[in-house]
Amino acid sequence: MTSSWPNGRSATVAVTVDLDAETMWTSKDAANARRPVVMSQAKYEIDFGVDYFLEAFADLGIAATFFVPGWVAERNPSLVRKIAASGHEIASHGYDHTRISAHPPEFEKWTITRSKHILEELTGERVLGYRAPYFELTEQTLDLLRDLEMSYSSNLMNSVHPYRHPDSGIVELPVSWMWDDGPYYLFATEPPNYRQMFPPAVVRDAWYAEFQALAELGGLMNLVLHPQLSARPSRLVALKSLLEQMKSEGAWLAPCREVADTVPA
Ligand SMILES: [Zn+2]
């Protein structure tokens with residue numbers, strides 16, 4: 001199996017940004033809201049990290065997809081508008097980033113519907129995609145997305161090619177923990193994330209090797225980036241040089257909505 005990319009490109013990279021901000025921490029432990037140093041990492045993301053990403057993407061001439069929790073959008077409306085006005089796609093990352101499995105089934109419909117409404121009100125553009133917090137897709141997610149007239153999910157890890165789910169018609173843009181900066185960079189003073197961080201050069205090498213191998217398969221690399229992790233200075237330098245190299249080697253770097261459009265009906 002292979003995917004067919006526009007203009008005969010062999011490789012495609014969806015640059016995606018999960019704008020978790022405070023919810024990265026409060027969704028793991030509500031008590032984190034009262035830990036100023038933990039929360040200050042989210043503040044770095046909002047005050048600096050997003051802008052560093054926007055500058056890097058503008059320099060590279062690429063558009064990304066920002067998955068934004070509704071809770072974060074409500075508290076940072078001008079930032080979300082600025083991201084959209086810079087030509088990037090805004091998609092849903094649920095409401096408060098809590099685990100879907102921690103709630104009754106009705107919560108999932110509420111969280112997707114509410115975040116979609118908040119984001120559409122802010123940007124005036126339709127929200128087409130959904131990435132669940134912790135990629136936690138359930139048996140009802142795809143039907144919910146179809147009922148809300150959304151077009152893609154970016155949660156499952158069962159392929160390196162985008163595909164269409166047969167019953168709902170929703171496109172899947174698969175992810176992998178390997179392409180997520182969290183397993184390499186996320187650190188906390190408490191278990192389970194008290195652990196050695198990976199140096200940026202190692203992460204860049206791992207992602208470039210994966211990119212080359214995926215290009216051989218004609219696959220999609222779905223990079224999952226968090227500004228509070230990957231917009232730290234030396235990590236940003238490594239990321240930017242990687243994206244530059246992918247681009248110079250002819251890869252198509254595109255937002256999710258454009259990649260989803262390449263999947264046949
Ligand atoms: Zn997230």
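## Helix H2 and its kink

The bend at a residue is the angle between two fitted axes, one for the seven residues ending there and one for the seven starting there. By that definition, this predicted model has a kink of about 45 degrees in H2. The kink is centred on Phe48.

How far apart are the end C-alpha atoms of helix H2? They lie 34 Å apart. H2 covers residues 36–60, 25 residues in total. At 1.5 Å a residue it should span 36 Å, so the two values agree. Just after the helix comes Gly61, with a positive phi of about 70 degrees.

Buried positions in H2 include Val38, Gln41, Ala42 and Glu45. Gly49, Val50, Tyr52, Phe53, Leu54, Ala56 and Phe57 are buried as well.

In soluble globular proteins, nonpolar side chains tend to be buried together. Here, the largest nonpolar core has 70 residues. H2 supplies the largest share of this core, eight residues.

Val13, Ala14, Val68 and Leu253 have the most contacts inside the core. Leaving aside residues up to four places away in sequence, Ala14 touches Thr65, Leu173, Leu220, Asn222 and Leu223, among others. Ala254, Pro255, Cys256 and Val259 also touch Ala14.

## A cis peptide bond

Where is the cis peptide bond? It runs from Pro191 to Pro192, with omega near 5 degrees. Pro192 sits in a loop.

Phe135 is not a glycine, yet its phi is positive, at about 55 degrees. Its loop lies between strand S4 (129–130) and helix H6 (141–147). Phe135 counts as partly exposed because it has 17 C-beta neighbours inside 10 Å. A residue needs 20 or more to be buried, and 12 or fewer to be exposed.

Glu149 is another residue other than glycine with a positive phi, near 55 degrees. It belongs to the loop between H6 and strand S5 (152–153). Is Glu149 buried or exposed? It has 10 C-beta neighbours inside 10 Å, so Glu149 counts as exposed.

Notes. Residues numbered from 1 in each chain as written. Predicted model: local features only at pLDDT ≥ 70, side-chain atom pairs only at ≥ 80, totals over all residues. Helix = DSSP H or I, 4+ residues; strand = E, 2+ residues; numbered from the N terminus. Expected span 1.5 Å × (residues − 1). Core = buried A, V, L, I, M, F, W, Y, C linked by C-beta atoms within 7 Å. Contact = placed C-beta atoms within 7 Å.
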